[in-house]
Amino acid sequence: MTRNPPNPQAPSTPLTLAEVEATARAAHAAQTDKAGRPYAEHLQAVAEGVRERGGDDEQIAAAWLHDAVEDDALSEQWLEEAELSRRTKGIVLAVTKRAGEAPETYARRILDTPGALLVKEADLAHNADPARLAVLDAPTRARLTEKYAKMRALLGL
């Protein structure tokens with residue numbers, strides 16, 4: 001569920017976690033992950049991972065939206081205008097990979113953004129889940145395992 005951009009004359013009400021979840025699910029509805037599963041399963045796992053690691057509502061909201069801009073499911077303009085906290089928006093932008101960006105630059109932005117590391121940690125944990133990787137072909141599994149291990153090392157995880 002998306003709302004209209006905030007009216008500067010009216011006080012804005014932040015989106016609830018349920019509204020953020022519904023927005024993320026709708027935005028990614030046509031997507032599947034590398035194993036062909038509905039992409040919303042990954043978003044839910046990351047949000048639950050953030051919650052289990054002690055994350056707050058702003059981090060959980062960012063977890064639901066962590067791939068939205070990167071995957072073009074929602075625009076950066078939508079994020080800027082959304083009724084979300086500045087911190088949630090900052091976390092989403094911090095974990096959004098940019099085309100051609102060096103992994104070291106990406107990791108530094110995550111480390112420099114309060115609250116982002118926990119979201120990325122939950123994302124990497126789900127991405128690197130052996131059960132999830134097991135359904136992929138061997139070359140893809142090896143490539144992703146190396147990629148996730150490198151990012152964990154860059155982030156000090």
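A nonpolar core is a set of buried Ala, Val, Leu, Ile, Met, Phe, Trp, Tyr and Cys residues joined through side-chain atoms within 4.5 Å. With that in hand, here are some close-ups of this predicted model.

**View 1. The largest nonpolar core has 39 residues.** Welcome to the core: Val20, Val50, Trp64, Leu65, Trp78 and Leu84 are the residues with the most contacts inside it. Two or more core residues come from each of α1 (17–27), α2 (39–52), α3 (57–65), α4 (76–81), α5 (86–94), α6 (103–112), α7 (116–127) and α9 (138–155). Which element gives the most? That is α3, with 6 residues.

**View 2. Trp64 and its contacts.** Let us zoom in on Trp64, one of the core residues with the most contacts inside the core. Once neighbours within four places in sequence are left aside, Trp64 is in contact with Val20, Glu21, Ala24, Arg25, Ala40, Leu43, Gln44 and Ala47.

**View 3. α2 beside α3.** How do the two helices meet? Their axes come within 8 Å and cross at roughly 160 degrees. Angles over 145 degrees count as roughly antiparallel, so α2 is roughly antiparallel to α3. The crossing in which α2 passes α3 is right-handed. From α2, the contact is made by Ala40, Leu43, Gln44, Val46, Ala47, Val50 and Arg51; from α3, Gln59, Ile60, Ala63 and Trp64 take part. Sorted by class, this contact has 8 nonpolar, 2 polar and 1 charged residues.

**View 4. Thr96 in the loop between α5 and α6.** Is Thr96 buried or exposed? Its relative accessibility is 7%, and buried means under 20%, so Thr96 counts as buried. Not counting residues up to four places away in sequence, Thr96 touches His66, Val69, Glu70, Glu101, Tyr106 and Arg109.

**View 5. Leu157 in the segment after α9.** Here we look at a residue with a relative accessible area of 33%, and Leu157 is therefore partly exposed. With residues up to four places away in sequence not counted, Leu157 touches Leu117, Glu121, Leu124 and Arg152. How far apart are Leu157 and Leu124 in sequence and in space? They are 33 residues apart in sequence and 9.9 Å apart in space, C-alpha to C-alpha.

Key: Residues numbered from 1 in each chain as written. Predicted model: local features only at pLDDT ≥ 70, side-chain atom pairs only at ≥ 80, totals over all residues. Heavy atoms only, no water. Buried < 20%, exposed > 50% of the residue type's maximum accessible area, 1.4 Å probe, protein only. Helix = DSSP H or I, 4+ residues; strand = E, 2+ residues; numbered from the N terminus. Contact = heavy atoms within 4.5 Å. Axes fitted to C-alpha atoms, helices over the stretch in contact; angles between N-to-C directions. Parallel < 35°, antiparallel > 145°, perpendicular 65-115°, else oblique. Left-handed = near helix turned anticlockwise from the far one by under 90°. Nonpolar A, V, L, I, M, F, W, Y, C, P; charged D, E, K, R; others polar.
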